[in-house]
Amino acid sequence: MQGLCYVRRERLPHLWCAGCGHGIVLGAVIRAMDRIGLDQDRAVAVSGIGCSSRAVGYLDMDALHTTHGRALAFATGIKLARPDLTVIVLAGDGDLAAIGGNHLIHAARRNIGITCVCFNNGIYGMTSGQYSPLTPTGARASTAPYGHLEREFDLCRVVQAAGASYVARSTTYHIHQTIEYVARALRHHGFAFVEVLSQCPTYFGRGNRMGDPVKMLQWYRERAVTLAQAQRMDPEELRGRVVIGEFHRDEGVPEYTRSYLDLVARLAAGGESR
Amino acid sequence: MPEPRLMQGNEACVQGALQAGLRFFAGYPITPSTEIAEMLAERLPRVGGRFIQMEDEIASMAAVVGASLAGMRAMTATSGPGFSLKQENLGYAAVTETPCVVVNVQRVGPSTGMPTSPAQGDVMQARWGTHGDHPVVVFCPCSVLETYTLTVRAFAVADELRVPVVLLSDEVVGHMRERVVLPDPGILDPGQQPCGGEVPPLVRFGEGRRVMVTGLYHDDAGFWTENPEVADKFIRRLCAKVEKRRRELTLVERWYLEDADVVLVAYGSVARSALRAVRMAREMGKRAGLLRLATLWPFPREEVESVAAGASVMIVPEMNLGQLVGEVERAAGGRCRVVGYSRVDSQLIRPDELLDVLEGV
């Protein structure tokens, strides 16, 4: 496999359930690192709490496993202190959209140069299957035994509206796109967000009678439509579908740490008054 | 010779922090601590440091830990409600042994309380606010000058012991202005002995060492563990590294204690009234004394113990309903009577009322 240098092989086997999509997402992240030739001695992987958060422990680089929901806030401190480092946040849907929702929109608003990969399995796996803000309406969860009543976030639209300058979505089935989007995100200079739908056969799949992991991957294949296809479809046809693709890419937005370092340089050069 | 200056407590904190090498501040505005953030927003980029106003208090504490692990001396400043929000990540800093300083300029609580009114209600929150067992170092200044010296010391201790250090100021100390001559910071360095195996060296991000940092109980390599033996050793070492340094961390002032029969034990702004009351009592021929605590945690047990041995009564005035008096009583261990005196109406405890209390016991 490509990119083995990024893996702490001594930490394997990983703790994810059989059939879990998170290993596929992590595999895509590793291949993306390999594709861009990431210097692993100048990179920090940051996570919050939950199944996905353990991903950083399998990466052979500086790693920070933080508190629930706060990965982006910790990462902001790292990136601002050391803008020369590549900072990668690997976090779950509950982590990023619920408890950490505020940090997500503000990291996007600042356009700080962090790559954020959202492992979206639409469920809280580590606490055994409660609903998340990304659980689809109607889906069952242990805290939604009659079907989820709330509407789910479209996280890509949220972060794009908040100011993220790179936004893309893929699934564990669409693995080549996933690798490419993460690679582009890692090369991007502002806040880059890649959402990856990842199957949780143990808690989401079983509770919603979706069959084995392969069936769940097939479900992604059948439900996903590309951005180009979606633009030709009306809202009724799009109901229940997942739009995948690169939604937004703008290299022109000022990146926060660069703006801050510019200020430091201006002050050092000429003492600019307040 | 340094020039005397008129300076506010919060400004002294900023001066001390910069003197100690502060390069990163993340915070969220809350009175009565805001001047610290405002001054650092102006000063930090001028010295190549970083200032960021985060989206909330929780994020501020998180960013401070991140920045510290990335190699910058880091601090945040807040007040009661904000301090509550920081607690989880404060515990994270303790468990990951991340050096940092948290300033809490206390105000009236609980909840929003009476903003910008003085109180000392966070003494126990500073000790036990975060969940689980963890080491804590808390310094409590009573003057503008001491805000400066204790801030410098807070950074030294944070680095040395790899712990978050809390500077527990209060509204009176934070906002009052005094004439100060800032001392040479060299004399403030506690100059402690290396801690040996109890405090492993901090490996910072970006050094190519590929470190793992986690809030889970972890082994020496930094990886999570569920081994009960490793867990037990880990958390006991964390607490012991501070406890073993208790004597060096303990800062107290002794006033008129040689022959004192009635002793006030006070801290923060209340200690100023306490000293005045003791002097008034002395003028009246009463054998009064003051033990002023500048270190609240780890608690100065031996110092209180020895004073208790020579006194008949100790009075602990506090702007709370008695948070430290219990600890004083515990240390006194029955050697003398211990009584508390409380005020929680947002008013500073005055010297004349303390004189009444002194005369009444």
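The buried residues of helix 8 of chain B pack against helix 4 (80–95), strand 6 (137–139), helix 6 (144–161) and helix 9 (246–249) of that chain; helices (H or I, at least four residues) and strands (E, at least two) are DSSP runs, numbered from the N terminus, and contact means heavy atoms within 4.5 Å. The model is a predicted one, in which local features need pLDDT of at least 70 and side-chain atom pairs count only at pLDDT 80 or more, while totals for chains, interfaces and linings use all residues. Residues are numbered from 1 along each chain as its sequence is written, chains are lettered from A and ligands numbered from 1 in the order in which they are written, and side-chain values use heavy atoms, with hydrogens and water left out.

In helix 8 of chain B, the buried set consists of Ala231(B), Phe234(B), Ile235(B), Leu238(B), Lys241(B) and Val242(B). Here buried means under 20% relative accessible area, exposed over 50%, and partly exposed in between (1.4 Å probe, protein chains only). The helix covers residues 228–243, and its end C-alpha atoms are 22 Å apart, in agreement with the 22 Å that its 16 residues should span at 1.5 Å a residue; the expected span is 1.5 Å times one less than the number of residues.

Chain B as a whole contains 13 helices and 15 strands. Its radius of gyration is 20 Å, close to the 21 Å that the globule rule gives for 361 residues, so chain B is as compact as a globular protein of that length. This radius is taken over C-alpha atoms, and the globule rule is 2.2 Å times the number of residues to the power 0.38. The C-alpha trace spans about 65 × 50 × 45 Å along its principal axes. Of the 361 residues in chain B, 61% are buried. Among contacts in chain B with a separation of 6 or more, 79% come from residues 24 or more positions apart.

Chain B also meets chain A, with 41 residues of chain B in contact with 42 residues of chain A. Together the two chains bury about 3,500 Å², 58% of it on carbon and sulfur atoms; buried area is the accessible area (1.4 Å probe) that two parts lose on being put together, summed over both. Glu55(B), Arg210(B) and Trp224(B) supply 21% of the area that chain B buries against chain A, more than any other three residues.

Helix 11 of chain A (residues 256–270) has Thr257(A), Tyr260(A), Val264(A) and Leu267(A) as its buried residues. Seen down the helix axis, these residues fall within an arc of 85°, so they line one face of the helix; the arc is that of the directions from the helix axis to the C-beta atoms. Their cover includes helix 2 (71–81) of chain A together with strand 3 (50–53) of chain B. On the other side of helix 11, Ala269(A) and Gly270(A) are exposed.

Some backbone details are also worth a look. A cis peptide bond joins Leu12(A) and Pro13(A), with omega about 5°, and Pro13(A) sits in the segment before helix 1 of chain A. In chain B, Thr31(B) and Pro32(B) are likewise joined by a cis peptide bond, with omega about 5°. Tyr256(B), a residue other than glycine, has a positive phi near 55° and is partly exposed, with a relative accessible area of 28%.
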